[in-house]
Amino acid sequence: MVLNKQLITEVMKTKKYFTVSLFLTIGLFLIIQNSYSQNIKPDRQERKEVRQAQRAANFYVLDSLLNARSFVLVADYLRNQYGDMVPVTSTINFIRIDGPTGVIQTGSDFSRGYNGVGGVTAEGSIGNWEVIKDAKRLTHRIRFSIFSNIGHYDVSMVVGSDNRASATVSGLWRGRLTWDGYLETIGNSRVFKGQNTI
């Protein structure tokens, strides 16, 4: 009888320890699983959805910037009508729009040019401003004119939600020149305007 009582007591203790051990094991497993799942990188689809959400948000920010007429297209490349592309210095090759006025400038590190920075600077008033939004493709198309002391220029610009932009400028002459680069706010740009070409 005493032996059975001791046996029952031992079984009860073992059962109690087993239950506690089981709960501890499950708890540790859940903690490890939770911490492991936090270290897992998002998959391709999740990264794509995050990028798409960022692009959509930037599209609406750009819409405000373009309609406020306060931005700079900073060029990495200039491209002629034949498709020839030349890398350029972005601080002196730009198109700046600041309210009712605009500046179109080309420059070169290798000569002084008409504007003191190796190219041409045309500054004047803006006319015929038009912004077309494409919410499906998350792009903007802008068309405007600049009337400067050296001529009248028509500008056709495309801006993507990733801030990449290109602007094709044509004037009274037969050729066209395209600025390929990215958009910046006027406050963040570090462009240098040369002397106005006379």
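**Close-up views of a predicted model**

Strand β6 is largely enclosed by the rest of the structure, because seven of its ten residues are buried.

**View A. Strand β6 with its partners β5 and β7.** β6 spans residues 139–148 and β7 spans residues 151–160; β5 covers residues 121–134. β5 and β6 run antiparallel and are joined by nine bridges. One of the residue pairs here is glycine 124 with serine 148, the latter in β6. Four residues separate the two strands in a hairpin. On its other pairing, β6 meets β7 in the antiparallel sense over ten bridges. Phenylalanine 147 has histidine 152 of β7 as its bridge partner. The hairpin between β6 and β7 has two connecting residues.

**View B. Helix α2 and what covers it.** Helix α2 runs over residues 44–67 and contains 24 residues. From first C-alpha to last it reaches 34 Å, close to the 34 Å expected at 1.5 Å a residue. Its buried residues are Phe59, Leu62, Asp63, Leu65 and Leu66. An α-helix has 3.6 residues a turn, so residues three or four places apart point the same way. The cover over the buried residues of α2 includes strands β1 (70–80), β5, β6, β7 and β9. Just after the helix, arginine 69 has a positive phi of about 55°.

**View C. Phenylalanine 59 of helix α2.** Phenylalanine 59 sits in α2 and counts as buried because its relative accessibility is 1%. Leaving aside residues up to four places away in sequence, phenylalanine 59 touches Lys133, Asp134, Ala135, Leu138, Thr139, His140 and Ser161. Serine 161 is 102 residues from phenylalanine 59 in sequence, yet their C-alpha atoms are 4.8 Å apart.

**View D. Threonine 139 in strand β6.** Threonine 139 belongs to β6. Its relative accessibility is 19%, and buried means under 20%, so threonine 139 counts as buried. With residues up to four places away in sequence left out, its contacts are Phe59, Ile132, Lys133, Asp134, Val159 and Gly160. Phe59 in this list is a residue of helix α2.

**View E. Two loop residues with positive phi.** Most residues other than glycine have a negative phi. Leucine 138 is not a glycine but has a positive phi of about 55°. Leucine 138 lies in the loop between β5 and β6, and its 6% relative accessibility makes it count as buried. Asparagine 163, also not a glycine, has a positive phi of about 75°. Asparagine 163 is found in the loop between β7 and β8 (164–170). With 25% relative accessibility, asparagine 163 counts as partly exposed.

**View F. The largest pocket.** The volume of the largest pocket is about 160 Å³. Its lining consists of Ile104, Gln105, Thr106, Val120, Thr121, Ala122, Ile150, Tyr153, Val169, Trp173, Leu177 and Trp179. Strands β4 (101–105), β5 (121–134) and β9 (176–184) each contribute at least two residues to this lining. Sorted by class, the lining has nine nonpolar residues, three polar residues and no charged ones.

Methods
Residues are numbered from 1 along each chain as its sequence is written. This is a predicted model: local features need pLDDT of at least 70, side-chain atom pairs count only at pLDDT 80 or more; totals for chains, interfaces and linings use all residues. Side-chain values use heavy atoms; hydrogens and water are left out. On a 1 Å grid over the protein atoms alone, a cavity is a set of points where a 1.4 Å probe fits but cannot get out, and a pocket is an open set with protein on both sides within 12 Å along at least five of seven lines; lining residues have an atom within 4 Å of a point. Grid points are joined across faces, edges and corners, and a volume is the space filled by probe spheres set on the points. Ala, Val, Leu, Ile, Met, Phe, Trp, Tyr, Cys and Pro count as nonpolar, Asp, Glu, Lys and Arg as charged, and the others, Gly among them, as polar. The expected span of a helix is 1.5 Å times one less than its number of residues. Buried means under 20% relative accessible area, exposed over 50%, partly exposed in between (1.4 Å probe, protein chains only). Contact means heavy atoms within 4.5 Å. Two strands pair if DSSP finds at least two bridges between them.
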